Amino acid sequence: MIVNIEKCMHCGACVGSCPQNAVYLNEIVLEFNEDCNRCGRCVRICPVGALKMEGKR
Amino acid sequence: MRTDYDIIVVGAGPAGSMTAKHAARKGARVLMIEKRQEIGAPLRCAEGVNRRGLEKAGVPVDRRWVSTDISGAKLVSPGGHVFRIDESQAGNEVGMVLERHLFDKAMAADAARAGAEIWLKTAAVDVIKEGERVVGVKARREGEPLRLTAGCVVAADGFESQVARWAGIDTSLKAGDITTCFQYRMTNLRTEPDYCEFIIGSVAPGGYIWIFPKGDDTANVGIGVLASKLEKPGEVKRYLDDWIRKDERLSCGQPLEALAGGVSVSPPVERSVMDGLILVGDSARIIDPITGGGIANGLLAGMHAGNVLGDCAQAKDFSEEAMMPYDKLWRDAMEDRLWRNWMAKEKFLTLSDSTLDAVIETLSTANVDKMSVHNILIAIKERHPELVREFEELI
Ligand SMILES: Cc1cc2nc3c(=O)[nH]c(=O)nc-3n(C[C@H](O)[C@H](O)[C@H](O)COP(=O)(O)OP(=O)(O)OC[C@H]3O[C@@H](n4cnc5c(N)ncnc54)[C@H](O)[C@@H]3O)c2cc1C
Ligand code: SF4
Ligand code: SF4
């Protein structure tokens with residue numbers, strides 16, 4: 001996952017929405033773990049469009 | 001440094017602080033950990049709360065954390081019909097807009113005065129289990145890894161709700177039960193300084209735009225959109241920016257603060273306790289699915305959790321069975337309403353802009369003397385029975 005840190009609001013919406021519990025927000029830094037199955041929900045949910053899936057345009 | 005407590009509360013929001021306060025008051029050794037460096041900041045809230053919610057949780061109003069007293073609410077339909085509910089109709093349902101930076105700190109201070117310890121910049125990163133029982137958390141305190149053990153861990157980590165999931169309680173949500181939000185605190189506005197406003201319809205699919213006054217010409221102007229209605233990344237902020245540009249009362253304003261966040265609009269969790277773990281607040285998915293408000297429910301659940309945990313600490317028994325009274329207390333207080341409002345939300349989603357116009361128009365001319373979901377449904381039934389047919393059982 002590519003996080004646009006200049007856009008990210010550190011709001012945790014992606015964390016609580018991830019069905020795999022694969023995102024962790026360490027105060028302001030997002031960490032994605034290997035449980036991510038690339039479902040894309042977090043990308044769609046992010047209110048400011050700060051997330052992009054690697055390998056996708 | 002002590003690393004063993006009766007109770008470790010993860011998250012110093014309103015729910016966590018209330019739990020910590022009431023448990024500590026009964027003599028339990030309580031540690032509350034918060035991953036941020038400041039309690040109550042950055043803000044993730046529109047800050048509206050009703051007086052009755054505070055009363056029920058035994059929180060006396062302190063003017064220091066009240067930003068603005070509210071005289072009523074305005075519900076605005078897509079076509080511009082306005083349903084005004086003033087305070088006399090709303091009873092204690094309308095209330096005030098808080099200063100949550102200060103409110104959350106005041107709640108945490110009460111916990112501290114009751115004897116709870118608070119550590120900032122301390123994040124839980126996993127739970128520690130022995131068999132099926134939770135016995136503590138793995139944490140990082142200012143970056144240092146740490147094992148903290150406790151009779152009971154309190155999952156008060158808000159919308160993120162990771163602690164419960166690490167422990168094995170599934171709090172994940174379907175897209176139709178998540179609202180994602182974006183908000184500005186704006187100033188130099190021409191909005192009403194004492195009315196909360198809700199704008200519904202396709203301007204905010206599956207959610208609404210809100211304007212909550214913060215004194216004079218300043219207000220929290222925000223939007224929530226249902227995740228299942230989102231198509232492109234970044235849409236939530238765009239929906240709000242589009243609206244602000246079009247609404248003359250807002251387009252003259254300037255932002256002072258921006259924030260985002262997720263809100264569950266789901267039924268509550270099926271399971272709120274297990275051996276050594278208890279869920280309070282947003283992590284238990286107890287936000288009202290219609291209003292998106294979770295402060296009052298979080299405070300009340302926290303109060304009940306703290307009281308039960310205090311007893312458990314005295315009995316040295318944090319089994320699921322010993323903590324079940326908490327499950328019953330919060331369910332008795334709010335579960336029916338949460339389910340009913342979740343069903344109302346599901347229905348709301350099916351309404352087109354033209355139907356919403358008809359409904360709001362009806363309400364603006366009908367005589368609804370006491371504002372409640374129930375009374376609103378009755379008023380609609382009189383003129384548009386077809387709209388409430390599937391809702392008959394709620395009336
Ligand atoms: C945009 C928006 C607007 C809202 N508007 C309203 C409103 O007007 N009225 C209303 O009643 N409700 C509103 N809500 C909901 C309200 O904010 C929540 O219901 C309320 O804050 C819940 O309290 P809580 O204590 O459960 O969780 P929170 O207040 O979210 O607190 C959780 C705390 O846990 C901390 N934490 C999380 N994970 C960890 C970890 N791993 N380790 C340590 N600490 C951790 C977080 O940093 C946070 O401080 C809104 C929410 C949003 C997003
Ligand atoms: S949802 Fe978007 S803005 Fe919020 S923390 Fe995740 S990436 Fe950042
Ligand atoms: S793509 Fe899906 S599984 Fe991966 S982090 Fe995002 S929401 Fe979670």
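How many residues does the contact take from chain B and from chain A? It takes 37 residues from chain B and 25 residues from chain A, contact meaning heavy atoms within 4.5 Å. This is a predicted model, in which local features need pLDDT of at least 70 and side-chain atom pairs count only at pLDDT 80 or more, while totals for chains, interfaces and linings use all residues. Residues are numbered from 1 along each chain as its sequence is written, and side-chain values use heavy atoms, with hydrogens and water left out.

**Interface area**
- About 2,300 Å² is buried between chain B and chain A, with carbon and sulfur atoms giving 52%; buried area is the accessible area (1.4 Å probe) that two parts lose on being put together, summed over both.
- Of the area that chain B buries against chain A, Lys35(B), Gln162(B) and Arg165(B) supply 20%, more than any other three residues.

**Charged pairs**
- The rule finds 2 salt bridges across the interface, a salt bridge being a side-chain nitrogen of Lys or Arg within 4 Å of a carboxyl oxygen of Asp or Glu.
- Glu31(A) forms a salt bridge with Arg140(B), and their closest N and O atoms are 3.7 Å apart.

**Strand E12(B)**
- In E12 (178-187) of chain B, strands being DSSP runs (E, at least two residues) numbered from the N terminus, 10 of 10 residues are buried, that is, under 20% relative accessible area (1.4 Å probe, protein chains only).
- E12(B) pairs with E16(B) in the antiparallel sense over 10 bridges, where pairing requires that DSSP finds at least two bridges between two strands.
- Within E16(B), Glu257(B) is the bridge partner of Arg185(B).

Definitions and conventions
Chains are lettered from A and ligands numbered from 1 in the order in which they are written. Helices (H or I, at least four residues) and strands (E, at least two) are DSSP runs, numbered from the N terminus. Buried means under 20% relative accessible area, exposed over 50%, partly exposed in between (1.4 Å probe, protein chains only).
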